[in-house]
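Please examine the sequence and the three-dimensional model shown below. The paragraphs that follow lead through its domains, the contact between them, the surroundings of the ligand and the salt bridges.

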Amino acid sequence: MSIVMNAKQQAARHAASLIKDGMIIGLGTGSTANYFIEALALRQQQGLDVSTVASSVVSTIKAAELGLKQVGFEYLSSIDVYVDGADEVSPELTLLKGRGSDLVREKLLARASDQFYVLVDKSKLVDRIGQNFPIPIEVMPFAWQIVLESIKKLGGEGQLRKTASGDGLAMTSHGSLVLDMIFDEAIDVRDLNNMLNAVPGVVEHGIFEQLATAIFIGNDHSELEQQWKETS
Ligand code: 5RP
C-alpha cells in the first residue's frame, strides 16, 4: 500500500527519520511542525526513545496528546535537534518566521540546538527575505511607539498586527505586541538583522540568520522524493 503525503508531510517524515534514541528534540509551531510531531510520535510508537521541548502552548498540547515525553523549557541549556517550518527561506538559508505568535521560544530553540532542520514546501523558497511577508517584530507593549519610530528611521514601514477579527491587537504568547514591517528591498538582510537586534524595546524579530542547518523541501508531485540543502 502506498501512502500519499503532501509536501509538508513528506519533509516532516524525512526529518523524523533522522532522529535517534536519547536525543532532546525541539518542536516547532505551525502546520508543518504539526506533521513532524505526528511523525515523531509514530516513531516513538515503533520504539524510539526521545524527549521533546515545545516552542508553544499548541505544540505542547499536541505533543502531550500524542504521548511524547516533554521536558520543561527552563530545565534545558541546549538541545540536539530543533525542527520547525518557516514562512520564507532565502538562497543563503536565512529564514523568515513568526507568522504565529511564538517567535521568542522558536528563536531560543533554534539557537540552542546542535542541528536546526527546517521543513518547507517549494512555495516558501524566495529570492530575498521579506519578498512575500512583512518582517514580524515583537515589541514590549509599553514601548511600541518608540520602537516603531526607531524602525521607521531604519527604513521600515508598517503597523501593529491586529487580531484575525480586526478589532483588537494581536499578542504573542510572550505577552508582546507585533509590528509587521516592510523594508526597502535594497537593505541587506544581514544588516537588517543586526540593526533590529540593536533597537531597544525589540523583544525578538522574525529574521533567522545563520541558524538553519538543513532545509528539507517536500515535493507534492512525487510521492517519496525528498530534496534538501545543507549548509557547508
Ligand atoms: C510560526 C512559524 C511557522 O513555522 C511558519 O509560519 C510556517 O507555518 P506553516 O508550517 O503552517 O506553513 O514561524 O511562528
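How many Å separate the centres of domain 1 and domain 2, taken over C-alpha atoms? The separation of these two centres is 25 Å. Domain 1 comprises residues 3–126 + 210–226, and domain 2 comprises residues 135–205; such bounds come from an automatic or database domain assignment. The model is predicted, and local features need pLDDT of at least 70, side-chain atom pairs count only at pLDDT 80 or more, and totals for chains, interfaces and linings use all residues. Residues are numbered from 1 along each chain as its sequence is written, and side-chain values use heavy atoms, with hydrogens and water left out.

Consider next the interface of the two domains. Domain 1 and domain 2 bury about 920 Å² between them, with 60% of it on carbon and sulfur atoms; buried area is the accessible area (1.4 Å probe) that two parts lose on being put together, summed over both. Of the area that domain 1 buries against domain 2, 49% is supplied by Leu-103, Val-104 and Lys-107, more than by any other three residues.

Lys-107 also takes part in a salt bridge, as its side chain meets that of Glu-204 at 2.9 Å, N to O. The term denotes a side-chain nitrogen of Lys or Arg within 4 Å of a carboxyl oxygen of Asp or Glu. In general, side chains of opposite charge can pair when their charged atoms come close. Across the interface of domain 1 and domain 2, the rule finds 1 salt bridge. Between the two domains there are also 5 residue pairs in polar contact, both residues at pLDDT 80 or more. A polar contact is a pair of N or O atoms within 3.5 Å; within protein, one must be able to donate a hydrogen and the other to accept it, and residues adjacent in sequence count only if both atoms are side-chain atoms.

The ligand provides a further point of study. A polar side-chain atom of Asp-87 lies 2.5 Å from an oxygen atom of the ligand.

Finally, the count of salt bridges comes to 9. Lys-69 forms a salt bridge with Asp-49, the closest N and O atoms being 3.0 Å apart.
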